[in-house]
Amino acid sequence: MAATALYAARRRRNGIAQGLTVVATVFGLGWLVLILGDLLWEGFSGLSLQVFTEMTPPPGSDGGLLNPIVGSVILTVIAVAIGTPLGVLAGTYMAEYGRYDRLTSVVRFINDILLSAPSIVVGLFIYEVMVVPMGHFSGIAGSVALAVLVIPVVVRTTEDMLLLVPNTLREAASALGMPRAVVVTRVAYRAARAGMVTGVLLAVARISGETAPLLFTALNNQFWSFDLNAPMASLPTVIFQFALSPYKEWQKLAWTGALIITLTVLALSVLARTLAAPRKTT
Amino acid sequence: MADVALHDQLVRPKSKPRMSVMDRLRLGDAVFHALTRTASIMVLVILGGVMIALVQGALPAFRTFGLSFLYEQHWNPVTERFGALAPIYGTIVTSLIAMVIAVPVGLLIAMFLTELCPLWLRRPIGIAIELLAGIPSIIYGIWGLFVFAPFLQTYVQPALIETFGYVPGLSSLFAGPPYGIGVLTSGLILAVMVLPFIASISRDVFEAVPPVLKEAAYGLGCTTWEVVRNVVLPFTRVGVVGGIMLGLGRALGETMAVTFVIGNAHRISSSILAPGTTISATIANEFTEATGDLYTSALIALGFILFIITFIVLACARYLLLRLEQRVGA
């Protein structure tokens, strides 16, 4: 009797635990559905051609998001242009030249911390080293702040992807008499290309929604501006400003901007995933 | 002598053009090596630069207020008296609320994904969880402000006040009118943000358990729950704690999602329904409006404190995850 009672209790406990795991998963996915649902609903109702052709409006009138969209693109492109080469080179050192170095393990540790360090702190850092000496907010400061966020992502994926390249490839190339630099650039890079591109895409996805580091570097700009030396508009900062404003038109535009950012980020991560997929299965 | 001649012949290429090609390649190699090494040192320089810049910026504030900056509650730009206690308190309480919810739920999701989920469903659910992790924090912020906070204000918070408002011990936690925005709302939003990180890291960690161990336990007649409780969790304890701390690091430093819904009130209230502030929200809200060097410096000092706290948490997290990796590898 005691045995069957114990058995029943164990089964009951197991049933409860299993039920809870299902509840937890539904709960977790429910948020995704809720947030995306609201975002699509609110964002699409404000989406029109006007959004992409007109400047941000003064309070109380209609307008679009053209200047912040262009600003975001400029800031992102420059950030990637600065961050990618640095990240790739650092990752290359860690995987190719200094694989067993003490330096490599230290850099890996620090890089992993930078990877999840609060982005607002990066904003403060760039404020101190660029905005204060220059005397004003500027687009280039915003780009550098974003580049600091790009670097750790690219370092991490470059190193991981190069470590996946079989050593036999390198040995074969070396046996043909290639110097190390040529082995790395012509053989290892080519074998790891898809993964490295994935890393850059993930980095773009990460910075395209970043707001905190831009607040006090690139600031914001209501007008059409390509000047990197002047404050520059960007989608996230405009969303921040508009969402917290009391004006209905601005709030509507904030939702639309949020939808644009989310769709961009989701598209980038899907693209990155499909690029990385064949590498994982083989 | 013959030996030397032979050796020379072997080492030195015969023709001049070939020698210059070799030299060029060797030079290129050395340059490339130096370049990559410099780049990886740059990563260290950046971290060092962040530290130095923050310390330098924070120095005036620390010099003026000394250690009292850490435990003073005043935050008055007019009289230029600043203390970081309210933001520090807010940061810790919101993160605590987030972890209390996200840790159990995240672990249960990981258990579902590794032990119970049918194989064909694993990948879609895994991807969905990762998408949740990829949504930029400002989206959580705007959603929290326009959808979640009003919902809490109309439905959840009145019920909480009704239920716990007169229970001794709990009444002060749930005191005051339902504002919608406040500490509890921020904690909940943070929980949703951190949840996918904890879930996906725990899943990866659970998957590292050697199948033999689990099969042996199942073979003894253990139930799924018993296997997870007595085999998987003990084996992965270090990694799970590492994953949780990684999530905690995110929660502590999260800015935009919190800034929208915390209310930015520099006071410490016993009620979690009241508005408050966190370190990052204070910086985001006030930095561009800060007039006066001391005000700016106080905000940078806040950033420095945040950086130190998250640095310690993240370093512990990485260390623990590394330890698990080594054990699984061994």
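Contact here means heavy atoms within 4.5 Å. This is a predicted model, in which local features need pLDDT of at least 70 and side-chain atom pairs count only at pLDDT 80 or more, while totals for chains, interfaces and linings use all residues. Residues are numbered from 1 along each chain as its sequence is written, chains are lettered from A in the order in which they are written, and side-chain values use heavy atoms, with hydrogens and water left out.

- Ser138(A) touches Thr217(A), Ala218(A), Leu228(A), Asn229(A), Ala230(A) and Pro231(A), leaving aside residues up to four places away in sequence.
- Ser138(A) sits in the loop between helix 5 (119-134) and helix 6 (139-164) of chain A; helices (H or I, at least four residues) are DSSP runs, numbered from the N terminus.
- Ser138(A) counts as buried because its relative accessibility is 0%, where buried means under 20% relative accessible area, exposed over 50%, and partly exposed in between (1.4 Å probe, protein chains only).

**The interface of chain B and chain A**

- On the two sides, 80 residues of chain B are in contact with 80 residues of chain A.
- The two chains bury about 7,100 Å² between them, 81% of it on carbon and sulfur atoms; buried area is the accessible area (1.4 Å probe) that two parts lose on being put together, summed over both.
- In chain B, the residues that lose the most area to chain A are Phe32(B), Trp143(B) and Arg318(B), together 9% of what that side buries.
- Between chain B and chain A there are 4 salt bridges, a salt bridge being a side-chain nitrogen of Lys or Arg within 4 Å of a carboxyl oxygen of Asp or Glu.
- Helix 2 (residues 16-65) of chain B supplies 22 residues, the largest share of the side of chain B that touches chain A.

**Salt bridges**

- Over all chains, the structure holds 14 salt bridges.
- Glu96(A) and Arg170(A) meet through their side chains in a salt bridge (2.8 Å, N to O).
- Glu96(A) lies in helix 3 (residues 66-97) of chain A and Arg170(A) in helix 7 (residues 167-175) of chain A, so this pair ties together parts that are 74 residues apart in sequence.
- Glu96(A) and Arg170(A) are both buried.
- A salt bridge also joins the side chains of Arg156(A) and Asp112(A) (2.9 Å, N to O).
- Arg156(A) belongs to helix 6 of chain A and Asp112(A) to helix 4 (residues 102-115) of chain A, so the pair ties together parts 44 residues apart in sequence.
- Arg156(A) is partly exposed at 29% relative accessible area, whereas Asp112(A) is buried at 9%.
- Glu130(B) forms a salt bridge with Arg273(A), with the closest N and O atoms 3.1 Å apart.
- This pair crosses between chains, from helix 5 (residues 119-134) of chain B, which holds Glu130(B), to helix 12 (residues 248-281) of chain A, which holds Arg273(A).
- Glu130(B) is partly exposed at 27% relative accessibility, and Arg273(A) is partly exposed with a relative accessible area of 26%.
- Asp112(A), Arg156(A), Asp160(A) and Arg318(B) form one network through salt bridges that share partners.

**Nonpolar cores**

- In the largest nonpolar core, of 142 residues, Phe69(B) and Tyr140(B) touch the most other members; such a core is a set of buried Ala, Val, Leu, Ile, Met, Phe, Trp, Tyr and Cys residues joined through side-chain atoms within 4.5 Å.
- Another core, of 47 residues, lies apart from it and includes Ala24(A), Val240(B), Ala315(B) and Leu321(B).

Methods: Helix = DSSP H or I, 4+ residues; strand = E, 2+ residues; numbered from the N terminus.
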